[in-house]
Amino acid sequence: MLETLLPILIFTALALAAIGAVRRIRLWRQGRPSPVNLFKGLAALPRRYLVDLHHVVGRDKMISNTHVATAGGFVAAAVLMMLVHGLGIANPLLGGLLLLASASMFVGSLFVARRRINPPKRLSKGPWMRLPKSLMAFSIGVFLITLPTVGLLPEGLLEGGGSWLLALVLAGVVAWGLGEMFFGMTWGGPMKHAFAGALHLAFHRRAERFSTKKGGVGRSTGLKALNLEDEAAPLGVEKPADFTWNQLLGFDACVQCGRCEAVCPAFAAGQPLNPKKLIQDMVVGMAGGSDAAYAGSPYPGKPVGEHQGAPQAPIVAPVVMKEGKALVDADTLWSCTTCRACVEECPMMIEHVDAIVDMRRHLTLERGKTPNKGAEVLDNLIATDNPGGFDPGSRLNWAADLNLPLMADLKQVDVLLWLGDGAFDMRNQRTLRALVKVLRAAEVDFAVLGTEERDSGDVARRLGDEATFQSLAKRNIATLAKYRFLQIVTCDPHSFHVLGNEYGELGGVYDVRHHSTFIAELFDAGRLTFTPWKGGRVTYHDPCYLGRYNGEYEAPRNVLKALGIEVKEMERSGFRSRCCGGGGGAPITDIPGERRIPDMRMNDVKESGAEVVAVGCPQCTAMLEGVVDASAEVRDIAELVADALVESPAADTSRRPTATTTAEEVIV
């Protein structure tokens, strides 16, 4: 009986899965075109899955091993089952391999079941709670029906006498497993992520994120520019169909593990954002329907079941709707600090921040709906080239006594010091003065643009005003083209990121250094000497735009080590550092929550026992110093270095680079 039933079950499940796959692909293809290399992407899939994906999944060893056993066992078992039981190739070798594969899958499913006994709050419940049972049904069923193939049970045991009942039971168990594993994979069950996830890895919108060399994943964090010359192109994303098709594919790949939810600072602060639900809402919008079936944590303060969407319907309602609500409320999008903690943690490598900024672009450029002080800041950038609306001619007032060299006078130098809009902030002016002191102590050949410098455009771009960003960027690029320099150095990670990673698409390619990296290089070259640290305990706060955006974690710590400081790490540090709340225009849009993000970060500092928190970002400084009753002093790395400088450093400056030195010859 099983010899007849199994091929029917297997190929019926495959046929239904194929129909579901076509249906699913049609849903993705509602999105805008996005050219991909079909064969190159498919050829790269094994490495992207086995190396890049597991580089992220492997951070949790138990889950990583569970995934290897379960997913690896399933893939092998599915292929072997089609050969042995579908095509009738009853080879003992293939049968033995099938037993091993199904046994591996069963062991993995036990750990999946254990995980679901008392699941963390971040995990979605609902249909996901049945997944361990379905995994077990598939693996046990396949294992048992394969035993006669390898001679461990008599061949006729399941065929004659009254054993037809046992055969039907086994067929039912196998059918249950096939339904979840094959049918559900393409029709929207919990295993949907396996189908969509594989294709997402193959046709990822940021193929440059994947490694081509030994060493794991790459880093691609710059936002993609809008083509403002194309009048037919949408200005941002108004409706789900405005996303590119591979963005929709990426949303569909979400496994609802909630890792993004667990690290999101806005969600932790009780603001109306949960990155996991946001991605699921995009899936709802792509397919059409409401969020009533969502089985995870809602947006704080916003109940599930009140929102709905469709591929061609606005994601954010243009006006208050009389019946029901659109897919997402605007406050959800404006709560994001663009810290990329969600992207860094996502095991499916989904780009949440790109999607949020794409939707913000529509709200800002098409509707003019930037909340709170957003419109004022954007108007200031247009009128005065800085978000505070200060007189552009006062950019160097803080340095009246420093006699800073100007690029307009020198024309070429080794280092262009990019001041950033911290030049208008009294607190950050202390950091800039300290950095100038350090550069002069190391006898660095540097100059500033002075009043020729404009805002980098970071704030405008994160707020969705791509037009103002590109205007500022192009004018800065035109200014920089007039001069010769080897490097740009800045104490602002946001300017560092934009200049180094986002100007290139507009024609400005530069070697940009964060000041902590540059100071570390100066120290290593023997051009700086410090007195030993005699202060209290120090911790270090990783700025999002230096760490997660640009992968620089070691240089600031190396500088602190050179000062004789033993860093007391916070529980959340490095790539899991908690955001200060200052990025993405969040202090400008100022969406209320249950608590403040910087307060939570200063509590992390307090728990470390540190008396000083070292920072490397003017926005982090402002946010952390704004905490009432803070337990630690906030000091920029440049300030700590300037205080420890020995006035006459014993450094060999005989090979100081000049503006004509090649990059390979630079010794810093």
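Biologist: What share of the 668 residues of the protein chain counts as buried?

Modeller: It's 56% of the 668 residues. Keep in mind that this is a predicted model. To be counted, a residue has to have under 20% relative accessible area.

Biologist: How do you know whether the radius of gyration of the protein chain agrees with a compact globule?

Modeller: Set the two values side by side. A compact globule with 668 residues would have a radius of gyration near 26 Å, and the protein chain has 29 Å, so the two agree. As for its extent, the C-alpha trace spans about 100 × 60 × 50 Å along the principal axes.

Biologist: What makes up the secondary structure of the protein chain?

Modeller: There are 26 helices and nine strands. Looking at contacts between residues at least 6 apart in sequence, 77% join residues at least 24 apart.

Biologist: And what about the surface and charges?

Modeller: The accessible surface comes to about 27,400 Å², with 58% of that belonging to carbon and sulfur atoms. The protein chain carries 71 positive and 71 negative side chains, and the centres of those two sets are 5 Å apart.

Biologist: Which side chains make polar contacts with the side chain of E502?

Modeller: One is R461, at 3.2 Å. Another is H497, also joined to E502 by a polar contact of 3.2 Å. What makes these polar contacts is partly the distance: the N or O atoms have to be within 3.5 Å. Leaving aside residues up to four places away in sequence, E502 touches residues including T221, G222, L223 and F469.

Biologist: What makes T332 buried or exposed?

Modeller: T332 has a relative accessible area of 0%. Buried means under 20%, so T332 is buried. This residue is in helix α12, residues 330–334.

Biologist: Where is the backbone oxygen of P272 relative to the side chain of T332?

Modeller: The P272 backbone oxygen lies 2.7 Å from a polar atom of the T332 side chain. T332 also touches L273, L278, Y299 and K302, again not counting residues up to four places away in sequence.

Biologist: How do you know what to call E238, given its relative accessible area?

Modeller: The value for E238 is 29%. E238 is in the loop between α7 (192–202) and α8 (245–252). R360 is 122 residues from E238 in sequence, yet their C-alpha atoms are 9.0 Å apart. Among the residues E238 touches, beyond four places away in sequence, are A313, P314, I315, H362 and R367.

Biologist: Last one: which residues of helix α25 are buried, and what covers them?

Modeller: In α25, residues 618–625, the buried ones are P618, C620, T621, M623 and L624. Their cover includes helices α17, α20, α23 and α24 as well as strands β8 and β9.

How values were computed. Residues numbered from 1 in each chain as written. Predicted model: local features only at pLDDT ≥ 70, side-chain atom pairs only at ≥ 80, totals over all residues. Heavy atoms only, no water. Helix = DSSP H or I, 4+ residues; strand = E, 2+ residues; numbered from the N terminus. Rg over C-alpha atoms; globule rule 2.2 N^0.38 Å. Buried < 20%, exposed > 50% of the residue type's maximum accessible area, 1.4 Å probe, protein only. Contact = heavy atoms within 4.5 Å. Areas by Shrake-Rupley, 256 points an atom, 1.4 Å probe, with all protein chains shown as cover. Lys, Arg positive; Asp, Glu negative; His and termini not counted. Charge placed at Lys NZ, Arg CZ, Asp CG, Glu CD. Polar contact = N/O pair within 3.5 Å; in protein donor to acceptor, adjacent residues only side chain to side chain.
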